[in-house]
Amino acid sequence: MIDCCIGVLGAGNMGGAILRGLLAAQQVKPAALCASDANSERLSQLSQELGIVTTPSNRELVNFSDIVVLAVKPQ
């Protein structure tokens with residue numbers, strides 16, 4: 001089990017898949033995961049489904065996390 005907090009910046013398809021994969025592999029507890037996204041509905045869905053911390057603030061995500069995964073489309 002990973003003993004750190006992991007933040008996923010971007011909670012779309014890729015970010016959601018990463019979060020689900022970490023939980024399915026039992027590599028981290030839900031309380032140690034955080035996701036940020038501009039879409040509040042998506043954050044609410046992930047919070048309810050996975051039991052993770054969510055925030056619309058990237059700054060809050062970075063402050064929460066020991067590791068930050070960027071899961072956004074390259075624009």
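**From values to words**

Tutor: Gladly, and keep in mind that this is a predicted model. Let's begin with Gln-26, which counts as exposed at 59% relative accessibility.

Student: Why is Gln-26 called exposed?

Tutor: Exposed means over 50% relative accessible area. Gln-26 has 59%, so the word applies. This residue sits in the loop between H1 and S2, and just after H1 it takes a positive phi of about 55°.

Student: What makes Val-62 partly exposed?

Tutor: Partly exposed covers the range between the buried limit of 20% and the exposed limit of 50%. Val-62 is at 42%, so it belongs there. You will find Val-62 in helix H3, residues 58-64. Together with Val-68, Leu-70 and Val-72, Val-62 forms a nonpolar surface patch with about 350 Å² of accessible area.

Student: How do you know that the span of H1 is close to the expected one?

Tutor: H1 has 12 residues, numbered 13-24, and its first and last C-alpha are 16 Å apart, against 16 Å expected at 1.5 Å a residue.

Student: Why are the buried residues of H1 said to line one face?

Tutor: The buried ones are Gly-15, Gly-16, Leu-19, Leu-22 and Leu-23. Looking down the axis of H1, they fall within an arc of 130°, so they line one face of the helix. These buried residues pack against strand S1, strand S2 and helix H2. The face turned away from them carries exposed Asn-13, Met-14 and Ala-24.

Notes. Residues are numbered from 1 along each chain as its sequence is written. This is a predicted model: local features need pLDDT of at least 70, side-chain atom pairs count only at pLDDT 80 or more; totals for chains, interfaces and linings use all residues. Side-chain values use heavy atoms; hydrogens and water are left out. Helices (H or I, at least four residues) and strands (E, at least two) are DSSP runs, numbered from the N terminus. The expected span of a helix is 1.5 Å times one less than its number of residues. Buried means under 20% relative accessible area, exposed over 50%, partly exposed in between (1.4 Å probe, protein chains only). The arc is that of the directions from the helix axis to the C-beta atoms. Contact means heavy atoms within 4.5 Å. Patches are made of residues with over 30% relative accessible area and no salt bridge: like charges are joined within 9 Å, nonpolar side chains (Val, Leu, Ile, Met, Phe, Trp, Tyr) within 5 Å. Accessible areas come from the Shrake-Rupley method with a 1.4 Å probe; for residues, only the protein chains shown count as cover. A salt bridge is a side-chain nitrogen of Lys or Arg within 4 Å of a carboxyl oxygen of Asp or Glu.
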